[in-house]
Amino acid sequence: MKQVLETAALAAGHVIMLIHNAGAHIRHKSDNSPVTEADEEAERVILAALRRHFPAIPVVAEEAVAAGIVPDISGGRFFLVDPLDGTKEFVAGRSEFTVNIALIDNGAPIAGIVFAPALSSGFVAVDNRAERFTVADGRTIAERQAIGCRKHGAAITAVASRSHDTPQTARFLDDHGIDACTAIGSSLKFCLVAEGIADVYPRFSRTMEWDTAAGDAVLRAAGGGTRTLDGEPLTYGKRNQPDDSDFANPNFIAARAGWNAILSPETK
């Protein structure tokens, strides 16, 4: 599983960087979110790899779902794929975009990879072990090391979305006395908490499951967790939701273990 995730993510990242360097053509989907040929080509690479190695496991992929292609996931185990998370960062010329692949089992992300090709680094989680890795030539992992959430420190540090800042986020930070907050794009926010650089990532704007699953898998393997504002673990495979579309997430708080503010009244 780990080898397949890494090989697929790095191959997709290579395709993305080729298009990035050549200049991508931007279109907009029905929800007005941007999409480029990099999203589509990276998804094609990932789907081919997953189907070749795990033909019995269905794959829910962002661009396929946008085209109306949704597999049967009633068996409880499936992949979630966001071929290019942080398309806005990609379009703006920033480096904080990622390839996200996660394996879901009975609603929980049990394995995943987040690869940032422009940064030549990524994060992978398999068998409850989280690692950070660096890539030497765009296609080969050069170094890797185990990571884990940090313990309680003197001051709480947060990460938040660069492109989706909200008044609720500012209020959350103020309510919990958090002065240090780094704005960054894509699922790298989960990974900064996972490797002990930050304590908490509050999200009070819309995300989809493919946006969060891989980063959430890394965070959980690193000793943290992601909970809804009701204090329940964020789950995956949400279909037929009365108040939102399939695979849409509610607001959530991702944090290192033991951070009590996850369940405090101010977050509810």
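Reader: Is E6 buried or exposed?
Author: In this predicted model, E6 is buried, with a relative accessible area of 10%.

Reader: Which residue forms a salt bridge with E6?
Author: The partner is R144, and the closest N and O atoms of the pair are 2.8 Å apart. R144 belongs to strand β9 (residues 141-146) and E6 to helix α1 (residues 2-22), so the bridge ties together parts that are 138 residues apart in sequence. R144 is partly exposed, at a relative accessible area of 36%.

Reader: With which other residue does R144 form a salt bridge?
Author: R144 also forms a salt bridge with E131, where the closest N and O atoms are 2.8 Å apart. E131 lies in strand β8 (residues 129-135) and R144 in strand β9, so this pair links parts that are 13 residues apart in sequence. E131 counts as buried, at 5% relative accessibility.

Reader: Which residues are linked in that network of salt bridges?
Author: The network links K2, E6, R129, E131 and R144.

Reader: And how many salt bridges are there by this rule?
Author: The count comes to 15. Another of the pairs is E89 with R94, whose closest N and O atoms are 2.5 Å apart. E89 is buried, with a relative accessible area of 2%, while R94 is partly exposed at 32%.

Reader: Let us change topic. Which residues does the UniProt annotation "binding site" cover?
Author: According to the unreviewed UniProt entry, one "binding site" annotation covers E62, L84, D85, G86, T87 and D211. These residues span 150 residues in sequence, yet no two of their C-alpha atoms are more than 12.5 Å apart, so they gather at one spot. The unreviewed entry also has a "binding site" annotation covering E62, D82 and L84. Those span 23 residues in sequence, with no two C-alpha atoms more than 9.2 Å apart, so they too gather at one spot.

Reader: Where is E62 found, and what does it touch?
Author: E62 is found in helix α3 (residues 62-66) and is buried, with a relative accessible area of 14%. Not counting residues up to four places away in sequence, E62 touches K29, E43, V81, D82, P83 and W210.

Reader: D82 is in that list. What does D82 touch in turn?
Author: Beyond residues up to four places away in sequence, D82 touches E62, T98, V99, N100, W210 and D211. D82 is found in strand β4 and is buried, at 1% relative accessible area. The side chain of D82 also reaches the backbone nitrogen of D85 at 3.5 Å.

Reader: What about L84: buried or exposed?
Author: L84 is buried, with a relative accessible area of 1%. It lies in strand β4 (residues 77-85). Leaving aside neighbours within four places in sequence, L84 is in contact with I16, T36, A38, D39, F90, F97 and T98.

Reader: And where is G86 found?
Author: G86 is found in the loop between β4 and α4 (87-92). At 16% relative accessibility, G86 counts as buried. Leaving aside neighbours within four places in sequence, G86 is in contact with F97 and S186.

Reader: One last topic. How many residues of α7 are buried?
Author: Twelve of the 13 residues of α7 are buried, so the helix is largely enclosed by the rest of the structure. The buried residues include W210 and D211.

Reader: Where is the kink in α7 centred?
Author: The kink is centred on G215 and amounts to about 25°. Helix α7 (residues 209-221) reaches 18 Å from its first C-alpha to its last, close to the 18 Å expected. Just after α7, G223 takes a positive phi of about 105°.

Methods: Residues are numbered from 1 along each chain as its sequence is written. This is a predicted model: local features need pLDDT of at least 70, side-chain atom pairs count only at pLDDT 80 or more; totals for chains, interfaces and linings use all residues. Side-chain values use heavy atoms; hydrogens and water are left out. A salt bridge is a side-chain nitrogen of Lys or Arg within 4 Å of a carboxyl oxygen of Asp or Glu. Helices (H or I, at least four residues) and strands (E, at least two) are DSSP runs, numbered from the N terminus. Buried means under 20% relative accessible area, exposed over 50%, partly exposed in between (1.4 Å probe, protein chains only). UniProt positions are given in the numbering used here, feature names are shortened, and annotations may be inferred rather than shown by experiment. Contact means heavy atoms within 4.5 Å. The expected span of a helix is 1.5 Å times one less than its number of residues. The bend at a residue is the angle between axes fitted to the seven residues ending there and the seven starting there. A polar contact is a pair of N or O atoms within 3.5 Å; within protein, one must be able to donate a hydrogen and the other to accept it, and residues adjacent in sequence count only if both atoms are side-chain atoms.
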